[in-house]
Amino acid sequence: MTEAPRQTLRLDKWLWQARFFKTRTLATKLVAGAHVRVNGTKTDKPAAQIGPGDTLTFPQGHEIRVVRILALGDRRGPATEARTLYEDLTPIKETPPASPKYEGGGRPTKKQRRDLDRTRKPPLE
């Protein structure tokens with residue numbers, strides 16, 4: 001009895017279909033720069049074959065994404081369809097407060113600025 005061959009797809013194509021990147025070219029550049037790990041192993045080949053059960057680790061924006069592939073897509077469909085292709089394993093981070101003034105940061109008021117100027121040393125003459 002022969003086993004059915006494992007369904008696979010190109011890495012760059014899957015990243016594009018799952019809507020992690022806007023264009024396939026961007027996905028190809030990321031993979032070619034060796035910034036993607038497949039099952040913990042770095043790869044620099046956009047044509048690397050991946051399939052369901054594989055785990056991908058790659059940078060996206062300012063965070064590192066970790067996803068497990070659940071299915072291969074037939075097309076680049078809507079975002080709701082793309083979310084069914086993977087399970088997101090990325091740890092959830094706390095989001096910073098929306099307003100920098102919330103923690104006392106941000107731009108100083110006029111009074112705070114005058115107080116800062118008084119505490120600083122005068123310029124050398």
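**Aromatic pairs in a predicted model**

The structure holds five aromatic pairs (rings of Phe, Tyr and Trp, its six-membered ring, with centres within 6.5 Å). This is a predicted model, where local features need pLDDT of at least 70, side-chain atom pairs count only at pLDDT 80 or more, and totals for chains, interfaces and linings use all residues. Residues are numbered from 1 along each chain as its sequence is written, and side-chain values use heavy atoms, leaving out hydrogens and water.

Biologist: Happy to start simple: is the pair of Phe20 and Phe58 stacked, tilted or edge-to-face?
Modeller: Planes under 30 degrees apart count as stacked, over 60 as edge-to-face and the rest as tilted. The ring centres of Phe20 and Phe58 are 5.1 Å apart and the planes meet at 75°, so this pair is edge-to-face.

Biologist: And how many residues apart in sequence are the parts that Phe20 and Phe58 tie together?
Modeller: Helices (H or I, at least four residues) and strands (E, at least two) are DSSP runs, numbered from the N terminus. Phe20 sits in the loop between α1 (11-17) and α2 (24-32), while Phe58 belongs to strand β5 (residues 55-60), so the separation is 38 residues.

Biologist: Nice! Is Phe58 buried or exposed?
Modeller: Buried means under 20% relative accessible area, exposed over 50%, and partly exposed in between (1.4 Å probe, protein chains only). Phe58 has a relative accessible area of 1%, so Phe58 is buried.
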